[in-house]
Structure formats: structure tokens, C-alpha cells
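Open the model in a viewer and keep the selection tool at hand. The stops below go from the core to the sheet and then to the ligand.

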Amino acid sequence: MEKSKVKPADGKLGIMVVGLGAVTSTFMTGVLMARKGLAKPVGSMTQYDKIRVGKGNDKKYLSYYDIVPLAKLDDIVFGAWDVYPANAYQSAMYAEVLKEKDINPVKDELSKIVPFKAAFDKNYAKRLDGDNVKSCATRWDMVEELRADIKKFKADNGLDRVVVAWAASTEIYVEPNLKVHDTLAHLEEAMKANDTVNIAPSMCYAYAALAEGCPFIMGAPNTTVDIPAMWEMSEKLNVPIAGKDFKTGQTLVKSGFAPIIGTRCLGLAGWFSTNILGNRDGLVLDEPANFHTKEVSKLSTLESILQADKQPDLYTDYYHKVRINYYPPRNDNKEGWDNIDIFGWMGYPMQIKINFLCRDSILAAPLLLDLCLLSDLAARAGKGGIQRFLSFFLKAPMHDYTKNEEPVNHLFQQYTMLKNAIREMGGYEADEEID
Ligand SMILES: NC(=O)c1ccc[n+]([C@@H]2O[C@H](COP(=O)([O-])OP(=O)(O)OC[C@H]3O[C@@H](n4cnc5c(N)ncnc54)[C@H](O)[C@@H]3O)[C@@H](O)[C@H]2O)c1
């Protein structure tokens, strides 16, 4: 790490998560258990991956901690907001993702993580009815109360820095409105005028985080920070933002599998993806307006990997469909099916079937950890605005669509972007090209 010019990770890092549900409680329990040496943070790039630096005789494979100054798990302090008053222990028990034997050794620490009252509007998630909610007259009041929460959390825990991440329910779809979401001035006007149609509660969390100098990560597919006004704010204040939507199960498979079809110049006629899921996330997504937000995010993956304009014979008009079905018996153990209709030599059809029996929160927890640690790193490296190097972790990576910038969805190109950013922040050359 001798070469890195990034500010050191001195002091404690606060991680405040919006939503203390299945993902968040699984994440917090895992970090606390790993700290005690009682569990391994499997699936986390920052804890396991090794990156090559240097070439030829100087070539070395180093862990992220040996290249850049990342915060240590021991230095993390957790906070949260939720619509329900349950603490992190109660939430982990309720979620039933982890067995009691994997929660009880850190029961005391988890019980002390009590959520702040949520900035919530039932119109954005009709199926939730908790009462741990702030009473705010306007969206601007929400912002001010959330800023006060962040300040209090920081002072009470003697923190050096705070990162804010959204792992709360998916809100209903908010269409980017380029009369309201175009500039920071317009966004602030709308918050003050209490424009509840264009300003989702999640935007108040993001605004409050950025105003307090805290990087903000959007783990759901919500529009929130994916608007020019938020890009402007994060660039002006030089604070990182990242989003949207953790790339955990089916989309991870898609962004890793589609390159096989594309690289081998096979054709695609259709890709049908369906899931059954029975946790609270599944319940919220059973509401069509909330599912639409997810659908937009999940559909975007293939278009940038298998492109009709580059290969009209192979990828024109393929049919891409994504469904999520609420099915309580499976709880967090989501099952995903993919049916892929491809074609080969002279157009002859073939099929590929993928059946992924995964665990949603087990896949999401390491992503949340990596996104928080890497956003904190980016902040100390002086990087504001959209962090494209974090696309690897996200289903619908943010990009400036007003300038026709294209998202990178190809998993291995995203991995190259990630490695190059770590190399650069570590004072090494970014030496792999994305073609
Ligand atoms: N697990 C995965 O694989 C995965 C992948 C991608 C995205 N996500 C997203 O992550 C999010 C969390 O998933 P989960 O399984 O933990 O869901 P969950 O329902 O268990 O937890 C979400 C929590 O957010 C709370 N909440 C809702 N609105 C809030 C608000 N305005 N302020 C504060 N709290 C609020 C809810 O009360 C709930 O406790 C969802 O949006 C989900 O779509 C999950």
C-alpha cells in the first residue's frame, strides 16, 4: 500500500442502512460474526479477491487491503432507519435467513442497533404499515430530520466518516421528470413545495446523506440518485454515489452468461426469466407499481451486452421477459428459472435452461459490504459523482443518459473497471483495456 495517495482510513466508519430487513440484518450479523472469527465473509470481493499489479517480473497478486487503504471490519459501526421498530437482532430472527446459532453469538451487539424513525410515505410501498415513521409536513422536513439523524449518529458514536446505503423496500416507479429532476435547484424547489409525486422518500435520504458529505448507495432499483439533479449535487460536493439495484442472483447469472452467447456469435431469439420469492421484498414486489421499478432495472442488462445494431443477424428483436412471483413458502430462498432460446448455424434453434436455487440475502450481504467499503474509499480518494467502477455490483449501473453514455453490463468488463480503479487508487497503472 506504499504507493497509494488515498487518505488513510483512520478512525471509525459509520454504515447507516435505510431499511433494517432481511438483507441488512444478514449483512450486519455476518460482519459482526466475522469480526469474532465465527464466520467467513464469503462472496465479498474486498475480503477475498486478489488483483494483479505490475507486469512481467514485477507482477504481484495483492488483496485490496494491500493496494488501497480500506476500512477494516473492526472499525465499522452500524446504524439504520426502518418503518418497523424492531432492532437488528429481532429483524434477523424475523427474516429467518440465518439460523439462531449464527445470530446468537452477536445478539448483544445486534440488539443495540435500533432503527431511527423512517422517512416514509405509504403511497410508495402500500404493503408496509409499520409505525416507526417520522411525522413530516413536507419532503424538505424529511431531509432536515434525516440530516439531524446522521449528525446524531456520528456524534454519539465518535465516528470519523459515514456511508449511507439504501437496502429498504423497492419504491413505486418514479419516472425521471426532466422539469423537476434536471437540476439541483429544481429538486430543492420541489422538496420545499412538497411535490410528493416527483420526490420519493428515498430522494430525501440521498439528499440528506450527500448534504452531510456521506457517500450514498442505492441497493434497490429506485430512481432516487439516477437523475441529473443528484449527479450535480454529488459532483458539486464531491461525494460518491452508486446504484442501482444489487446484482445478486438471476441478473448476475445473466450478465455472466450472456457474454458466452455474444462472444461465440450465437443468436438469441428469447430469454424468459421467472422467479419465486416469499420474503417481505417479494411481498412489496407483488404490487405492480413496485414490480415495474424492478422490471425496468432487470430488463436493461441484456440490451447492452447483446446489441442488435452491432449484430443485426443475431440480436434483432429477441424477446426478453422477467417475472417475479410472490410465493411465501420459499421465504428468502428464491428460485429462479431462465429459459434461453438461442440459434446456431443456419438458424437452427437450441435451448439452455438455468435453475438457480439461491438465497437472496446471502448473496446481497457481501455486495452491501463491498459497496460501502469501496464508496468510503472513493470518497477518501476525492472521487465525487457516479462511481462507474462499482457497476460490477449493480443490476442497472448508473450512467449519464442525458449524454447518451452507455451502461456497462458485461460482468467481465465490469470486473476490469473495478480492478483498474483499485489499481489507480493504489498508485499503479490501470493496464487492462475494455474493448
Ligand atoms: N436480496 C437480494 O437479492 C436483492 C437484490 C437486489 C435488490 N434488493 C433490494 O434490497 C432491498 C431490501 O431487500 P430485503 O430482502 O432486505 O427486504 P425487506 O423487506 O426484508 O427489508 C426492507 C425493509 O425496508 C423498510 N423500509 C421500507 N421503506 C422504508 C423507508 N422509506 N425508510 C426506512 N425503511 C424502509 C421495510 O420496513 C423493511 O423492513 C429491496 O428493495 C430489494 O429489492 C435485494
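Start with the largest nonpolar core, which has 121 residues; select Val164, Ala165, Tyr205, Leu368 and Leu371, those with the most contacts inside it. A nonpolar core is a set of buried Ala, Val, Leu, Ile, Met, Phe, Trp, Tyr and Cys residues joined through C-beta atoms within 7 Å; buried means that 20 or more other C-beta atoms, placed from the backbone, lie within 10 Å of the residue's own. Next select helix H14 (residues 360-380), which gives the most to this core, with 13 residues. Helices (H or I, at least four residues) and strands (E, at least two) are DSSP runs, numbered from the N terminus.

This is a predicted model: local features need pLDDT of at least 70, side-chain atom pairs count only at pLDDT 80 or more, and totals for chains, interfaces and linings use all residues. Residues are numbered from 1 along each chain as its sequence is written.

Now select the sheet: 7 strands form an open sheet in the order S5-S4-S1-S6-S7-S8-S13, with parallel pairing. Strands pair if DSSP finds at least two bridges between them. Strands S5 (116-117) and S13 (385-386) stand at the edges, each with a single partner strand, so one side of each has no neighbour in the sheet. On S8, Ile241 stands opposite Ile386 in S13.

Finish at the ligand. Of the 35 residues around the ligand, Gly19, Gly21, Ala168, Ala220 and Arg280 come nearest; a residue is near if its C-beta atom, placed from the backbone, lies within 6 Å. H14 returns here, giving the largest share of this shell, 4 residues.

Notes
A residue is buried if 20 or more other C-beta atoms lie within 10 Å of its own, exposed if 12 or fewer, and partly exposed in between; C-beta atoms are placed from the backbone.
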